[in-house]
There are 6 protein chains.
Amino acid sequence: MRLLVLNPNTSASMGAEIASSAVAAASSDTEIICRSAPFGSVAIDSAGESYVSAVAVMDVVATLLAAGEFDFDAVVLAGFGEHGRDALAEMLTVPVFDIAECAAHVAHLIGRRFSVITTLARSIAPIQDRLLLAGLDAHCASVRACGLGTAEVDADPEGAVRAIVAEAVRAVAEDGADVICLGCAGMAGVTAAIAEDVGVPAVDGVAAAVALAQAIVGLGLSTSKAGVYAPGPANARSHWPLSAALGLGS
Amino acid sequence: MRLLVLNPNTSASMGAEIASSAVAAASSDTEIICRSAPFGSVAIDSAGESYVSAVAVMDVVATLLAAGEFDFDAVVLAGFGEHGRDALAEMLTVPVFDIAECAAHVAHLIGRRFSVITTLARSIAPIQDRLLLAGLDAHCASVRACGLGTAEVDADPEGAVRAIVAEAVRAVAEDGADVICLGCAGMAGVTAAIAEDVGVPAVDGVAAAVALAQAIVGLGLSTSKAGVYAPGPANARSHWPLSAALGLGS
Amino acid sequence: MRLLVLNPNTSASMGAEIASSAVAAASSDTEIICRSAPFGSVAIDSAGESYVSAVAVMDVVATLLAAGEFDFDAVVLAGFGEHGRDALAEMLTVPVFDIAECAAHVAHLIGRRFSVITTLARSIAPIQDRLLLAGLDAHCASVRACGLGTAEVDADPEGAVRAIVAEAVRAVAEDGADVICLGCAGMAGVTAAIAEDVGVPAVDGVAAAVALAQAIVGLGLSTSKAGVYAPGPANARSHWPLSAALGLGS
Amino acid sequence: MRLLVLNPNTSASMGAEIASSAVAAASSDTEIICRSAPFGSVAIDSAGESYVSAVAVMDVVATLLAAGEFDFDAVVLAGFGEHGRDALAEMLTVPVFDIAECAAHVAHLIGRRFSVITTLARSIAPIQDRLLLAGLDAHCASVRACGLGTAEVDADPEGAVRAIVAEAVRAVAEDGADVICLGCAGMAGVTAAIAEDVGVPAVDGVAAAVALAQAIVGLGLSTSKAGVYAPGPANARSHWPLSAALGLGS
Amino acid sequence: MRLLVLNPNTSASMGAEIASSAVAAASSDTEIICRSAPFGSVAIDSAGESYVSAVAVMDVVATLLAAGEFDFDAVVLAGFGEHGRDALAEMLTVPVFDIAECAAHVAHLIGRRFSVITTLARSIAPIQDRLLLAGLDAHCASVRACGLGTAEVDADPEGAVRAIVAEAVRAVAEDGADVICLGCAGMAGVTAAIAEDVGVPAVDGVAAAVALAQAIVGLGLSTSKAGVYAPGPANARSHWPLSAALGLGS
Amino acid sequence: MRLLVLNPNTSASMGAEIASSAVAAASSDTEIICRSAPFGSVAIDSAGESYVSAVAVMDVVATLLAAGEFDFDAVVLAGFGEHGRDALAEMLTVPVFDIAECAAHVAHLIGRRFSVITTLARSIAPIQDRLLLAGLDAHCASVRACGLGTAEVDADPEGAVRAIVAEAVRAVAEDGADVICLGCAGMAGVTAAIAEDVGVPAVDGVAAAVALAQAIVGLGLSTSKAGVYAPGPANARSHWPLSAALGLGS
């Protein structure tokens with residue numbers, strides 16, 4: 001099985017961390033191919049960046065489809081709460097897995113109430129929105145922020161782990177969470193630290209999405225094309241894919 | 001007062017209809033400046049097109065801001081249920097008005113239960129999602145589709161009016177609606193036909209947004225920058241604005 | 001345009017403050033006519049007083065209608081969460097604006113989560129009820145009370161402003177509000193104090209209602225008479241209007 | 001035990017039917033005292049009439065309290081969905097029972113989903129509002145109207161029973177109801193007809209309220225005065241009780 | 001009237017306390033017959049124990065039915081939040097009363113927001129689930145635990161009362177409750193202590209269920225057999241009743 | 001990996017069908033061990049039967065644990081909407097998968113709105129309850145019944161497939177479903193028939209649970225023991241396991 005894992009930002013280091021998480025979660029007969037956004041921002045901390053990233057991952061898929069090079073069994077969109085999953089589901093006949101939804105599904109399967117720990121407070125509302133639209137908010141105890149931006153997490157990974165563990169402790173004590181979902185991609189060592197220090201299971205979205213992708217593909221199922229994920233009408237579209245119009249090689 | 005009205009698609013005829021609606025609703029001392037998306041698709045009938053359009057309207061605003069030419073008191077985003085309002089609210093200090101939300105607010109003020117009539121059935125779910133996220137779904141009796149795509153509406157406007165009126169009749173009789181919101185921009189004559197033939201008020205989103213923009217600007221209020229609409233961190237972003245990178249003049 | 005602004009209590013000073021807020025928010029071509037309840041209580045701090053006030057404002061309108069003197073383009077009901085809006089909407093063909101709902105609509109348009117600051121804790125539940133019935137509770141972060149009754153607010157306006165600002169600070173910090181609605185009519189200086197000291201926009205309901213009334217009237221829209229706001233059957237009613245039966249001049 | 005049953009309209013025949021229902025449901029050691037509204041309308045088919053009726057029943061209670069003649073163990077407010085229960089609860093230390101809520105409580109105890117059959121379609125929304133505010137809407141399958149106004153029900157009681165039974169059949173077949181609540185007071189023979197012809201239990205609100213009043217009084221419980229039902233502040237109130245000001249004897 | 005009160009555990013002392021509460025709440029012409037589970041556990045503090053208890057109370061009823069000895073007018077299931085009520089309703093034509101639901105119904109009738117105080121924190125979620133399924137969660141301010149297990153409550157009743165009162169104080173102050181429901185059966189003296197020390201009414205579920213059973217039986221109503229409580233199909237069942245198969249006398 | 005698949009009824013043929021579905025969905029390195037209820041009924045069509053089945057599957061697990069023979073990596077509870085999952089989660093440290101929840105999770109991953117097709121109408125409400133408690137009801141378009149009982153399905157499998165397909169057609173056309181979940185275990189050929197005849201994906205709960213079990217075990221995750229699924233207190237329990245007390249060999 002071949003999985004395309006899409007990093008919605010342009011950060012090579014983030015892409016590498018996501019790839020590492022995906023590979024660690026994949027079965028031995030699953031091949032992970034990771035691609036980062038060809039344009040956009042190095043981190044996604046706003047609605048504006050999220051929309052640009054949605055278009056960027058659409059662009060990757062459109063470029064592969066146009067070149068006849070899309071030969072994957074499923075796609076993982078490795079942005080926690082970012083936009084774009086529905087657009088990819090429209091474009092493709094293979095299933096698409098959003099790491100926020102997949103983390104929430106896994107949390108449901110192993111607990112009763114989950115909390116999400118994200119980076120900045122400004123990301124709390126968009127993640128709540130994603131869970132609400134996905135129909136996965138009823139068992140969400142809270143979405144909390146550790147207060148560190150992407151750059152700070154990169155600069156001090158150990159400090160970031162401590163901040164996330166501290167927030168997880170509060171989610172368990174104050175909000176009644178019994179599972180923690182990590183609201184960002186690719187932080188090595190955090191799930192182990194939470195399980196050990198907080199005593200509750202922690203779910204990494206990238207790993208969750210890879211595991212669920214394998215499960216759905218293994219069941220022979222894919223996105224229903226009978227509803228909103230049917231391909232849209234053939235409206236004329238300019239400058240598409242944008243990467244080609246921008247002169248970016250695929 | 002100067003209002004920037006953004007048509008999120010690239011269709012000049014749709015842009016003209018939106019401008020006409022906006023001008024008709026504006027006070028005599030309000031200046032309407034209408035801009036269409038510099039890239040994207042001629043109509044928005046899918047999630048993918050909606051994301052491209054969100055980036056396109058962000059691009060218009062970013063280009064104006066970069067050139068020091070953004071001198072508007074408010075912005076109207078004239079896509080019914082399209083993405084992008086939250087991104088514009090982040091970017092700007094003046095308020096931003098989404099025509100779907102504004103139509104729903106007006107419907108609340110003049111009735112108890114409203115229905116939205118959109119074009120294709122595939123747009124029902126995204127409009128429901130928009131209302132849900134906007135906290136305006138509790139009084140929504142239904143979102144219905146007249147079954148005609150954008151091209152068909154353009155080709156046969158009178159037939160489109162008949163189809164929308166017929167669907168409005170069903171919304172009133174079967175769903176208990178007492179107000180109808182038109183789920184697409186710029187259809188002349190429909191509101192009058194519904195009021196006359198169905199006996200309930202009909203709300204045009206563009207007109208609603210212009211009226212509410214004037215009201216909010218008149219109150220001296222603007223978007224709160226204390227929450228999710230605060231400007232995001234200064235993450236490095238490539239190829240931005242895309243229109244400049246694409247060689248499109250502003 | 002002529003707006004009838006109804007103060008649901010009998011307090012002349014409260015009526016004057018409401019009139020002042022309304023005039024300040026009105027356009028130059030809008031005429032504000034303010035009327036206070038002809039009977040009832042000097043302040044409304046209970047369900048019982050709220051019902052009496054509903055009947056009193058109905059009485060004002062019925063008296064004007066009976067005398068052929070109702071020549072207004074819209075009515076503003078200036079009680080925050082008080083009963084009566086639906087009754088006025090039944091009686092009239094021009095639209096009716098409730099200051100609690102209008103404040104909430106404005107809050108939606110400029111932020112993501114609003115809190116209401118009211119006077120006494122006993123008013124929290126009724127305001128929550130009003131928002132719930134109006135379908136405007138989903139984005140309500142909290143309804144809080146500053147703890148001062150109407151008399152205390154009147155006796156020490158500056159202390160009241162300080163108490164309200166202090167509660168607004170808590171709403172922002174603890175409940176995540178990014179907009180504050182003032183849950184009582186006619187307090188000069190509070191919105192400016194909140195905007196300045198708390199850093200979030202504050203919405204005065206009377207001003208909001210005047211602005212939205214102007215917007216709806218400007219759109220040529222009015223209350224739908226196809227649903228619950230249709231006039232009721234002609235049941236025999238005794239002693240009506242009560243003010244006439246009580247020998248009160250109109 | 002002595003129960004005060006309040007008919008919120010001025011109709012003597014409706015008052016007699018309510019009294020009859022109440023007496024039939026009461027235990028042998030319960031004394032039923034029935035009082036009709038001293039002013040207001042002969043039937044309540046609008047929000048306006050509901051507010052007048054709320055003030056009228058408040059007036060009955062206030063007059064009794066002022067005269068030192070309130071010696072009841074509980075009060076039943078016999079208006080289905082009418083306003084005023086919260087005001088009476090504020091005024092009294094004995095418990096107050098609303099027939100709409102009581103019918104819904106009984107329906108919960110004997111089934112899974114109930115429907116309410118009311119008179120006119122215009123009363124559907126207010127009844128839904130009452131159930132929503134009472135926290136009793138989750139198991140409500142539907143609120144339906146038989147289409148007959150109060151006068152028509154009075155003029156042709158047998159036809160009214162047939163119309164209500166027909167609507168109950170639809171509630172069971174189409175909405176999945178397994179219990180029917182009668183959404184108006186005092187219709188003899190309807191509950192038996194529904195039980196016999198439709199095969200589901202039917203709940204009369206007046207009987208339900210009398211039975212629950214006896215149960216609560218028997219438990220030695222009464223309205224909590226620690227929350228919204230605490231007596232309000234002593235604001236000056238004019239012309240109160242209105243009946244005295246109107247020269248109506250108690 | 002004869003009421004069968006079922007203690008779902010095997011503890012004789014708990015059974016005696018339940019019987020005592022039931023008798024105290026019953027009218028003089030009501031006969032209380034109390035039966036404890038013939039097998040299962042001495043206390044119910046887990047989902048597993050709750051399921052065993054459901055089967056045990058079903059067994060009691062099935063044994064009585066098989067022996068032609070079921071001559072009761074109603075059944076009270078005296079487990080707070082335990083499973084089994086729906087199964088008993090299927091088996092019987094007389095109504096069945098669950099003490100958690102009955103306590104919540106009584107709380108609705110005398111207040112606006114209730115809190116439940118249970119024993120161990122692990123019982124909070126199951127009680128929330130029961131209220132949710134019963135459609136009685138909207139007015140539930142909180143479910144709290146005093147932290148004492150059944151054994152501890154038995155060993156130190158006075159300490160238990162103090163712990164429950166302390167938690168009730170927090171429910172009123174922090175969660176806005178104005179009524180307290182006791183989330184366990186048979187604790188003498190607690191309701192009086194809460195009413196006295198906390199100033200809000202307290203509801204004992206066993207007493208509430210007895211009172212409501214009397215009310216419903218008095219109304220001549222019983223469980224609707226037109227929906228989910230119809231008797232199930234005659235599937236072959238082994239070892240049933242289990243008590244007979246286990247050689248336990250009835 | 002070794003999965004214990006529990007058939008909650010005593011039917012050998014149903015057990016065989018479940019085993020067949022499970023084996024077909026399992027990876028080559030997953031061993032499926034299927035066990036049927038040692039006591040109870042041959043089919044589960046009522047709340048009473050569901051509780052007995054919950055105790056029966058608890059008994060299987062308790063017996064294996066007591067004998068030191070529980071060596072499984074996960075448990076699949078193959079009853080659609082039956083009780084017992086929470087009890088097994090309390091008893092075990094390996095994860096437990098309920099086929100109703102797993103079908104719903106898979107449906108979320110491949111569509112936007114799912115319908116469940118069950119056997120008898122009386123099972124609709126319990127399945128809705130399960131989805132509600134699992135926090136998975138928001139995207140449920142409907143739960144429908146094909147009207148055939150277990151015996152009828154067994155007697156005429158082809159007729160059952162036709163009935164289910166016909167109901168699936170209605171779910172898609174009338175309720176807007178784009179995915180169908182089969183609300184009973186072990187019906188060969190139905191998913192293929194729905195995919196082919198209705199054009200939407202169909203999810204078999206047993207297959208879904210096996211796939212998700214493999215995914216969760218593969219991630220190294222298991223049930224959180226920090227919340228409601230912690231083992232209960234060691235209350236004395238009689239006649240346990242019941243199968244031993246009944247003289248049934250393990």
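What follows is a conversation about a predicted model, its chain contacts and its salt bridges.

Visitor: What rotation superposes chain B on chain A?
Guide: Happy to start there. The superposition has an RMSD of 0.0 Å, and the shift along the axis is 0.0 Å. That is the relation of a two-fold axis. The rotation itself is 180°.

Visitor: What percentage of the interface residues of chain B are also interface residues in chain A?
Guide: The two copies meet through the same surface, and this follows from comparing their interface residues. The share of those in chain B that are also interface residues in chain A is 100%.

Visitor: Let's turn to chains E and F. How much area do chain E and chain F bury between them?
Guide: The contact takes 45 residues from chain E and 45 residues from chain F. Of the area buried, 63% is on carbon and sulfur atoms. The figure for chain E and chain F is about 3,500 Å².

Visitor: Which residues in chain E lose the most area to chain F?
Guide: Three residues together make up 18% of what the side of chain E buries. They are Tyr51(E), Arg122(E) and Leu133(E).

Visitor: Which residue of chain F forms a salt bridge with Arg122(E)?
Guide: Between chain E and chain F the count is three salt bridges. In the one formed by Arg122(E), the closest N and O atoms are 3.2 Å apart. The partner of Arg122(E) is Glu90(F).

Visitor: Which helix gives the most to the side of chain E that touches chain F?
Guide: Across this interface there are 24 residue pairs in polar contact. Helices H2 (47-66), H3 (85-91), H5 (124-133) and H10 (242-245) of chain E each supply at least two residues to the side that touches chain F. The one that gives the most, with eight residues, is H2(E).

Visitor: How many residues of H2(F) are buried?
Guide: Helix H2 of chain F covers residues 47-66 and reaches 28 Å from its first C-alpha to its last, close to the 28 Å expected at 1.5 Å a residue. Just after H2(F), Gly68(F) takes a positive phi of about 70°. The helix is mostly covered, and of its 20 residues the number buried is 18.

Visitor: Which residue meets Arg112(E) in a salt bridge between chains?
Guide: A search of the whole structure finds 57 salt bridges over all chains. In this one, Arg112(E) sits in the loop between helix H4 (99-110) and strand E5 (114-118) of chain E, while its partner is in helix H5 (residues 124-133) of chain C. Both residues are buried. At 2.9 Å, N to O, the partner is Asp129(C).

Visitor: Are Arg2(D) and Asp71(D) buried or partly exposed?
Guide: Their side chains meet in a salt bridge of 3.1 Å, N to O. The pair links distant parts of chain D, with Arg2(D) in strand E1 and Asp71(D) in the loop between helix H2 and strand E3, 69 residues apart. Arg2(D) has 24% relative accessibility, and Asp71(D) has a relative accessible area of 45%. Buried would need under 20%, so Arg2(D) and Asp71(D) both count as partly exposed.

Visitor: How far apart in sequence are the parts tied together by Asp175(F) and Arg144(F)?
Guide: These side chains form a salt bridge of 2.6 Å, N to O. Asp175(F) lies in helix H7 and Arg144(F) in strand E6 of chain F, so the parts tied together are separated by 31 residues.

Note on methods. Residues are numbered from 1 along each chain as its sequence is written. Chains are lettered from A and ligands numbered from 1 in the order in which they are written. This is a predicted model: local features need pLDDT of at least 70, side-chain atom pairs count only at pLDDT 80 or more; totals for chains, interfaces and linings use all residues. Side-chain values use heavy atoms; hydrogens and water are left out. Copies are superposed by least squares on the C-alpha atoms of residues with pLDDT of at least 70 in both. Contact means heavy atoms within 4.5 Å. A salt bridge is a side-chain nitrogen of Lys or Arg within 4 Å of a carboxyl oxygen of Asp or Glu. Helices (H or I, at least four residues) and strands (E, at least two) are DSSP runs, numbered from the N terminus. Buried means under 20% relative accessible area, exposed over 50%, partly exposed in between (1.4 Å probe, protein chains only). The expected span of a helix is 1.5 Å times one less than its number of residues. Buried area is the accessible area (1.4 Å probe) that two parts lose on being put together, summed over both. A polar contact is a pair of N or O atoms within 3.5 Å; within protein, one must be able to donate a hydrogen and the other to accept it, and residues adjacent in sequence count only if both atoms are side-chain atoms.
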